[in-house]
Amino acid sequence: MMAQGFGRYCLGVKPKPWDHAAGVLAVTEAGGKAGMLDGTPYRPGPAPEGVLLSAQSPELFDEMMARLDWLNRGADA
């Protein structure tokens with residue numbers, strides 16, 4: 001839905017490749033950016049731990065990473 005303009009960013013918890021791989025591809029092909037909230041890249045394959053962040057642009061991705069940093073710190077506590 002984000003690739004169609006219905007949202008600026010999206011969070012996914014416990015991402016599974018069959019749930020997110022096509023969406024991440026669509027967002028990145030449309031000029032957006034996706035990655036894990038802890039800073040690691042999203043890779044379709046064995047389900048990564050953590051929170052997936054996708055955003056309409058690399059700039060918005062970086063902004064949301066900074067705004068949501070408290071979520072990542074909370075996971076380490």
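Student: Does Y9 count as buried, partly exposed or exposed?
Tutor: This is a predicted model, and Y9 in it is found in strand β1. Its relative accessibility is 40%. Buried requires under 20% and exposed over 50%, with partly exposed in between. Y9 therefore counts as partly exposed.

Student: Which residues make the nonpolar surface patch of about 380 Å², and which elements give two or more residues to it?
Tutor: The patch is made by Y9, L11, W70 and L71. The elements that give two or more residues to the patch are β1 (9–13) and α3 (69–76).

Student: Is S54 buried or exposed?
Tutor: S54 is found in strand β3, which covers residues 51–55. Its relative accessible area is 8%, and the cut-off for buried is under 20%. S54 is therefore buried.

Student: With which residues is S54 in contact, leaving aside its neighbours within four places in sequence?
Tutor: Y9, the partly exposed residue discussed above, is one of the contacts of S54.

Student: Why do the buried residues of α2 line one face of the helix?
Tutor: Helix α2 spans residues 58–67, and its buried residues are L60, F61, M64 and M65. An α-helix has 3.6 residues a turn, so residues three or four places apart point the same way. Seen down the axis of α2, the buried residues line one face because they fall within an arc of 140°.

Student: Which exposed residues does the face of α2 turned away from its buried side carry?
Tutor: The buried side of α2 holds L60, F61, M64 and M65. The face turned away from that side carries the exposed residues E59, A66 and R67.

Student: What pattern does the chain follow along the sequence?
Tutor: The secondary structure comes to 3 helices and 3 strands. Read along the sequence, these elements follow the pattern β-α-β-β-α-α.

Student: Where in the chain is confidence lowest, and where is it highest?
Tutor: The mean pLDDT of the chain is 85, and 90% of its residues reach 70 or more. Confidence is lowest in α3, at a mean of 70. The highest confidence, at 95, belongs to α2.

Technical notes:
Residues are numbered from 1 along each chain as its sequence is written. This is a predicted model: local features need pLDDT of at least 70, side-chain atom pairs count only at pLDDT 80 or more; totals for chains, interfaces and linings use all residues. Side-chain values use heavy atoms; hydrogens and water are left out. Buried means under 20% relative accessible area, exposed over 50%, partly exposed in between (1.4 Å probe, protein chains only). Helices (H or I, at least four residues) and strands (E, at least two) are DSSP runs, numbered from the N terminus. The arc is that of the directions from the helix axis to the C-beta atoms. Patches are made of residues with over 30% relative accessible area and no salt bridge: like charges are joined within 9 Å, nonpolar side chains (Val, Leu, Ile, Met, Phe, Trp, Tyr) within 5 Å. Accessible areas come from the Shrake-Rupley method with a 1.4 Å probe; for residues, only the protein chains shown count as cover. A salt bridge is a side-chain nitrogen of Lys or Arg within 4 Å of a carboxyl oxygen of Asp or Glu. pLDDT is the predictor's confidence in each residue, from 0 to 100. Contact means heavy atoms within 4.5 Å.
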